[in-house]
Structure formats: C-alpha cells, structure tokens
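Welcome to this tour! Open your viewer, get the selection tool ready, and follow along one stop at a time.

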Amino acid sequence: MSNQNIQSGSLVLRPFRESDAALMAPLANNIKIAENLRDGFPHPYTLVDAEKFIKFAMSLEPSTMFAIEFEGSYVGNISLMPGTDVYRKSAEIGYFIGEPYWNKGIITKAVTLIVDFGFNTLGLARIHTGVFEYNLTSQHVLEKCGFSKEGIFKKSVFKKGQLWDEVRFAIISDCF
C-alpha cells in the first residue's frame, strides 16, 4: 500500500521522494500557511525541516502521508493520521498546499481522493479535523468535500498571540 499512487486526472497523491524537499521547503516557508497549522509546523520552514518530515513520512507503514503532485510538480502534502484503541476506525485529515497553487481546485480534489482512500482502502468509518476559526478557506474546502460541521471548541487554540475557536468537521463513510 505504501507505494500506491492515488490519481485523478493531472492530480496525484503519491509517496514522498527525497527530492521533494527542495520544492517543499520554499512552499512551506510561508507565514500564511504556518498561521493555519499547528505549531509543530515550523516557521521559518527550512530544507532540514522538509528532509526530516519526508524521512518520517517515508517510514510509515501503511503510508498515510502523501505528496500532492499537480501537472507533474510537487505542490503540497496531505495525510490521514489513524486513531488508535477505540478510535481505530477514525483518522484526522491534514493538508497544506503552496500559495502559488491556491484557488485552482487542487486541494478540494486532493481531499476527495484521500477521503476515498481512507474509507475504501483503510476501512475507516470517520475522518475528522479541526480548523482555526479564521481559516474560512479550509472550512469551505471541507464543506465542498462533504464534511459536516460538528461543533465549535470555544477558545481552544492559542495562535498568533491570542485564543481562537476551533471549528470541528467530520465525514462518515456510507459503509457504516
């Protein structure tokens, strides 16, 4: 499963390559991206950060972290982080795409592909995530992909020097 490509037209979710680091670092080194992700995503984002991340992603089995490739070029990352114990039929989705590729429908298609992979290949029942209240673009992407807003965790995120709400989204497989 780890060497599997997931494809729709010119969009491919594929395993990472070491060579992706040279493209990942400059795309990820963007405050507009870092502000919408957890603090574990560093800013500034360096080549060393990209190399460490890719090494980690390549070590996962089964692979649930993918490079997003559009028209033959690396443009971002998308992942499912499966739960454990009683949450083993659930996973958290996460993603980012480089700013030059925003507003092209790429991330919407990538989310749709990885949701299908999660439900049909990994056998998940539920895929969920939390989005910072000010990230309206990501909220819109999730809604377009069939996710439902499940609730708001009031003042649960400390980012950009203040407390923010986290909007929780999920999608449930039709098979359950």
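Leaving aside its neighbours within four places in sequence, which residues is R14 in contact with? Select R14 and look around: beyond those neighbours, the contacts are Q4, N5, D20, F66, A67, E69 and Y74. Contact here means heavy atoms within 4.5 Å.

Before moving on, a word about what you are looking at. This is a predicted model, in which local features need pLDDT of at least 70 and side-chain atom pairs count only at pLDDT 80 or more, while totals for chains, interfaces and linings use all residues. Residues are numbered from 1 along each chain as its sequence is written, and side-chain values use heavy atoms, with hydrogens and water left out.

**Stop 1: R14**

Keep R14 selected. R14 sits in strand β2, residues 11-14. Strands (E, at least two residues) and helices (H or I, at least four) are DSSP runs, numbered from the N terminus. Is R14 buried or exposed? R14 is buried, because its relative accessibility is 3%; buried means under 20% relative accessible area, exposed over 50%, and partly exposed in between, using a 1.4 Å probe and protein chains only. Now show the side chains of R14 and E69: a polar contact of 2.5 Å links them. A polar contact is a pair of N or O atoms within 3.5 Å; within protein, one must be able to donate a hydrogen and the other to accept it, and residues adjacent in sequence count only if both atoms are side-chain atoms.

**Stop 2: N77**

Next, select N77 in strand β4, which covers residues 73-82. N77 has a relative accessible area of 8%, so this residue is buried too. Which side chain does the side chain of N77 join through a polar contact? The partner is Y74, at 2.5 Å. Y74 is also on the contact list of R14. Apart from neighbours within four places in sequence, N77 touches F16, M24, F53, F66, I68, G94, Y95 and F96.

**Stop 3**

Colour helix α1 (residues 21-28) and helix α3 (residues 47-59). Two packed helices are described by the angle between their axes and the distance between the axes. Here the axes come within 8 Å and cross at roughly 120 degrees. These axes are lines fitted to C-alpha atoms, for helices over the stretch in contact, and the angles run from 0 to 180 degrees between N-to-C directions. The two helices are therefore oblique to each other: angles under 35 degrees count as roughly parallel, over 145 as roughly antiparallel, 65 to 115 as roughly perpendicular, and the rest as oblique.

Which residues meet between α1 and α3? From α1, show A21, A22, M24 and A25; from α3, show L47, A50, E51, F53 and I54. By class, this contact has 8 nonpolar, no polar and 1 charged residues. Ala, Val, Leu, Ile, Met, Phe, Trp, Tyr, Cys and Pro count as nonpolar, Asp, Glu, Lys and Arg as charged, and the others, Gly among them, as polar.

**Stop 4: backbone details**

Most residues other than glycine have a negative phi, and most peptide bonds are trans. Select H43 and P44: the peptide bond between them is cis, with omega about 5 degrees. P44 is in the loop between α2 (31-34) and α3. Then go to E61 and P62, also joined by a cis peptide bond, with omega about 0 degrees. P62 belongs to the loop between α3 and β3 (65-70).

Now try E71, in the loop between β3 and β4. Phi of E71 is positive, near 50 degrees, and E71 is exposed, with a relative accessible area of 60%. D85 lies in the loop between β4 and β5 (90-97). Phi of D85 is positive as well, near 55 degrees, and D85 is exposed at 58% relative accessibility.

**Stop 5**

In the loop between β4 and β5, select K89. K89 is partly exposed, at 44%. K89 and L122 are 33 residues apart in sequence, and their C-alpha atoms are 8.7 Å apart in space.

Finish at D174, in the segment after β8 (162-172). With a relative accessible area of 79%, D174 is exposed. Where does F119 lie relative to D174? The two are 55 residues apart in sequence and 8.8 Å apart in space, C-alpha to C-alpha.
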